[in-house]
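User: I am new to this structure and would like a close look at its aromatic rings. Please take me through them slowly.

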Amino acid sequence: MTAPRKGKPLSFLAGSSRVARMTRIQWMLGVIVTIVITLLAITGSLRSIEQPPFDWRSGLFAKYAPSPSNDLVLVALDDQTIRLIDLPPPRLRIAQAIDELNRAGAKTIAIDIIFDQERAEGADNGAIGNAALQRAIREHGSVVLATQFEWIATHQDQERGLRVPFQLVYQSLRENPDLTLPQLVDQCASAPDIPEDIRAELRKDAGPVLDALERSLADARSLITHQSRDSAPVPPGSLPWPASTKPVVPLPQFAESATLASVTFQSFDSDGVARAAPLWVRLEDRLYPTLGLAGAARQLGVTPDSITINQSQTVLAPSGSAQRVMPTFTAPLRGMTDRAGLTLITWPRAGRELPSLTPRPWTGQFDRRDDGSLMTVSLASLVEPYFIADRIKANLRELNRGVEFAVSALGDVIDDPDAFRQRAATIEATDLRDEDWIPNVRAQRDAIAGVVDFAKDMAPMVIEATPDLAEAPLDTLLLAHKLATTSDDPDAAARLAELAAQYPSLASLDPDAELLPIMLLRLLAERAPDVIAEIDRAVGPSGQLIRWRQVELPSLVAGRLCFIGWAATGQTADNPRTSIAPQTPGVLVHTAIANSVLTHHARQPAPRWINAVATLALGLLATWIAVRFAVIIGPFALILMLAAYFLLNGVWFWDRAVLDVAVGAPFLAAASCWLVVILHRLLVEERGRRRTEQRFRAYVPPDVVDILVNNPSLNSMAPQRRELTILFSDIANFTTLSESLGTERTGLLLATYLRSMTEILQRTRATLDKYLGDGIMAFWGAPLDDPEHAHHAAQAAIEMLDTLDQMNESGTFKDAGRLSIRIGLATGTVNVGDFGNPPLRSAYTVIGDAANLAARLESANKVLGTNATINALTRSQLPESFRVRPVGAIKVKGKNEPEQICELIAHRAPRGDQTDDWIQGWTDAVAAFQSADVDNCLAILQTISARFGPEPLIEVYTQTINQWQKSGLPSDQFDATIVLTEK
C-alpha cells in the first residue's frame, strides 16, 4: 500500500504527477458516490436502512427525555388479572374497574378493548355485564372507547361475511337519518353494484347477510349520531389520510355515552416494526383520532372538532394551558395505502431499563415516574375488592341463616332481629359501590360477634350432653339435620342410620329441638370467627379495602388519564414489535402517544435538507480519510468518525432536539465512499505491485517471491538466524559432457534436468536459492518455518536420485547417456535473508558454516564414491527407519573439525537384496576404524570388497590406515578421521 499523502490538503487540485492524478480520480469517485446516495436518501429510497439506527437510538439515548407524564396511569390486564378473572374479561369486571376509577377520581378513562360483540353466555358476559358496563361508562362521563377503523379492501370485507360494503350503508344513512333496516334491504337489493346472489340473500327473512347488514346499520348510526363529538372534519386539501372501509364499532349502548377513537394498528415499517402510527383515520369526510390522542384531548378538555389539523402537525389548544403540538408527516408504511398524518412513536425515559442496542422487554417502560411513584396498576387490584366483597357476602349469607335459626331455636340471641334482617337484605342487594355497604357489613359483623360469644358460652354444655358430637365435623351435623327433616328422599333413613352408627347421639336427638341448636352453636362457634376476621382484614378501620380504596387508589389515579388494556406476557394479539421490545402491548403505544401530547415531547423527522447535509458531510469526510490516510489507519479513522457522528446524532439531535436526523444514509455514504476509494487504491497499487514483482523476479528466485507474495504477513526478507537444511547438487562429469554435446544440446539437457529437479524441490517445500550451472542450491525451513526441514530435504534428495534413474532408464537424455548426480545435505544454524543492496540489487540466500559444509559434502561424493551425503545433525532429525550408510568422521577442505557423515539410502537398493548386509558391514567397519581397531577394520573392508566388489570408499579407508601404519605412531594417538584435501 502507498504511504499517506503529504502536502497541503488541496494539493491534489494542482500538479500532473501520477499521485496527483490518482488523488483527483479518487476524490471524483467519492463525490459522485456521495451525491448519488444523497439523492436516493432525499427521494426516500433508503428509508429501510434508517430503521435499525432508529431502534438503536431508542434504546441508548434518553437522558433528556422526560419521564412519563404525571397525568398518566396504565391499568394493565396483566398476568395477575388473568389469574383472577376469566378470558375474555367479563364486562361486569370492566364495569367494576371503571366504577373504582370513577370513585377514586380518575378524570379520563381510555379503554383499548373493543366491545363490539353481543354476549349471552353467563351473567357477567350477558345482560348483567352489559348493563353494568353501560351504566359505568355513563356515570363516569369521560370514557374513550376503542374502535377498529380497518383499512381493508371490499373483497376482503366480503370474505369476512360482510356482503354489503359498509360505505354503501354509511352513505345511505347519511342521506336518510331515519333509514330502517327494511328500507335499507330494499335499497341494497336494487343497487346495481350488489351481485345477484347477495340480492337473493337479502330478500330472505333471515340469514348471515341480513345479520351483517343490521350490524352495519347500527355501527353507521352510532358513528353518524356522535360524529361531531368523536371526530373532526377533514381539513381542506387532498392529503392521503388513512381511510377505513369497515369500522368495528362498540355496541350502541356503550358508544352512546363514550367518545370513540381509533385503535387501528396494522401499519408497520418494511421490517415489521411499528415506529410510527397514524394520528388520524378518515371515514368519508371525518377524521377520527387515535386512542392516545383522543384520551389526551379529553384529559385536556379539548374536543376533536377544535383541534387544528394540517399536513405537518396537529395542534391542541386547551383553555388556560399551552398549546400541544404533535408533528406529523407522510411516509409509506406496510399495510396501508394512504399514509398522511403519521406520527413517530416517542417513548419516555424508562427508569428501570438499561440502555441497549437491541430491543428488550417492555416491562418498566411505564412502571414508575422519576419520583418513584407507581404509574402502572393491575386491573386485578381494582376488581379484587369485589371478589373479596363477594366472599364476605357468601360467608355472611351462611352466618345470617345460622343466626336466624338461632333466633328461632334459642330465643333472642340478638338485640334487634328486624334490623339484623334488614341489614342482611341490604348487603345482599348492594355492593361496594353503595356507600352504606361497608358500614352495614361492619354492623352485621358486630351483631354476629355477639351471637358467637353466646355460642361459645353454650358450647361446654353441649359437649357435656353429647360428647360424641363434639368431634363430629360440622358438615356431618348439617347433613344429619337435612336427612332427618327430609321427607322426599327414600334413602334418607338409611344414610342417617349410617351416620348414627358412627355418632350414636344422632339417633336419639330430636332434629329440630336438639340437633338444630347443637348445629347452630357449632356453626357460630367454629365458622363465624374466621368470617369476622376476614371482615376485619377487609373493611375494618385499617382494613386492606379501606386503605386501598380511600388512600392508595385515589393517590394513584385522581385527576389522571387512565389507559386500560392488555399487558399480559403470554398474549400475542395486539402486541406489535416496536423499537423498545419485540412484543409491545398495543395499549403502551397509545399511552406513548398520549404522553407525547401531555409532555410536549414528540419526535419529528428532520427536514430533508438536514439529512442531505449530513449525508454529504459524512461522504466527503470518508473520502478525505480514504485519500489521506494509510490503508491500515483508515478503517480506524472511519470508525471513529462514524462513532462520533452517531453520538452527536443521538445525544444532540435525537435526545436533546427530539429530531430524527438520518443515520443510515450518512453511514452508507461514508462506507461506500471509503470502500470505492480504497478499491481504486488497491487496483492502482496492485498494478504497480505486479510491475515491481515482474522486475523483482529478475533478481530474486521466483519461488521466494511467490512465498512472500502469498504470505504478506510474513516478515521473512529481513536477515535472521535460523536452523535450516541446505542442499547442494551437481551433475557428475558435466564439464566433459557439455564439451561433447555442444551448447544447444547442453542447454536442452539442462532444461529437462533442472525442470524435473525443481519440481521435486517445490513439492517438498524447498526454497530454491540458485542454479549453479548444472548445480542446484536449495534450503528448507525459510522463509516459511518448517519443523521437519531435515526430513523433507532427505526425501527430496532420494526423490531426485530416483527420478534421475527413471529418466536414465527411459532414455530421456538420448545421446548424452546416463547421468549421475552428487548431493550434499547439511543441517545447521545459518543466517538467512535478503543479502546484498536491497531493494536495488540483492538475493534471498543463506550464509553460514552449514551452507559451506553442504557444498563440501557434495564435492566429497566424488572422492568417497557416494551419491548423497548428510551431516550428523541431519541424521539426528530423520526417523530411525530412514536407512543410511555410515561413512565416518570426515574432515572436509576448509573445516578444522571432522563431521560424522552418512550416505542416504532410504528405500534404494544399491546392492540389491544384500543392501542391508552391505550397510551392516560398513557400520562394523566404521565402528572398528573409529575405535582404532585398524586390523579388524581392514579385515571387514576386505570382506566387503570380496562380497560386494571394490568401491572408492574402501580405497579411502585403506590408504588412511596404510598412512597411519607407516607413520609409526602408537595406537593411542590414532586419529579416526578421514581428511579430504580437495573441495
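Which residues do ring pairs link into a cluster?

Analyst: This is a predicted model, in which local features need pLDDT of at least 70 and side-chain atom pairs count only at pLDDT 80 or more, while totals for chains, interfaces and linings use all residues. Residues are numbered from 1 along each chain as its sequence is written, and side-chain values use heavy atoms, with hydrogens and water left out.

The cluster that ring pairs link consists of W56, F61, Y645, F646 and F667. Here, rings of Phe, Tyr and Trp (its six-membered ring) pair if their centres lie within 6.5 Å, and planes under 30 degrees apart count as stacked, over 60 as edge-to-face and the rest as tilted. Across the whole structure, a search finds 14 aromatic pairs. One of the pairs is formed by F166 and Y170, whose ring centres are 6.0 Å apart and whose planes stand at 35°, so this pair is tilted. Both F166 and Y170 belong to helix 7 (residues 166-175), where they are 4 residues apart, about one turn of the helix; helices (H or I, at least four residues) and strands (E, at least two) are DSSP runs, numbered from the N terminus. F166 is buried, as is Y170, where buried means under 20% relative accessible area, exposed over 50% and partly exposed in between, with a 1.4 Å probe and protein chains only.

Another aromatic pair, W964 with F974, is edge-to-face, with 5.1 Å from centre to centre and 85° between the planes. Because W964 lies in helix 35 (residues 952-967) and F974 in the loop between helix 35 and strand 28 (978-979), the pair ties together parts that are 10 residues apart in sequence. W964 and F974 are both buried.

Rings can also be considered together with charges, and for this a charge sits over a ring if NZ of Lys or CZ of Arg is within 6 Å of the ring centre and within 35 degrees of the ring normal. The charged end of R603 is placed over the ring of W654, at 3.8 Å from its centre.
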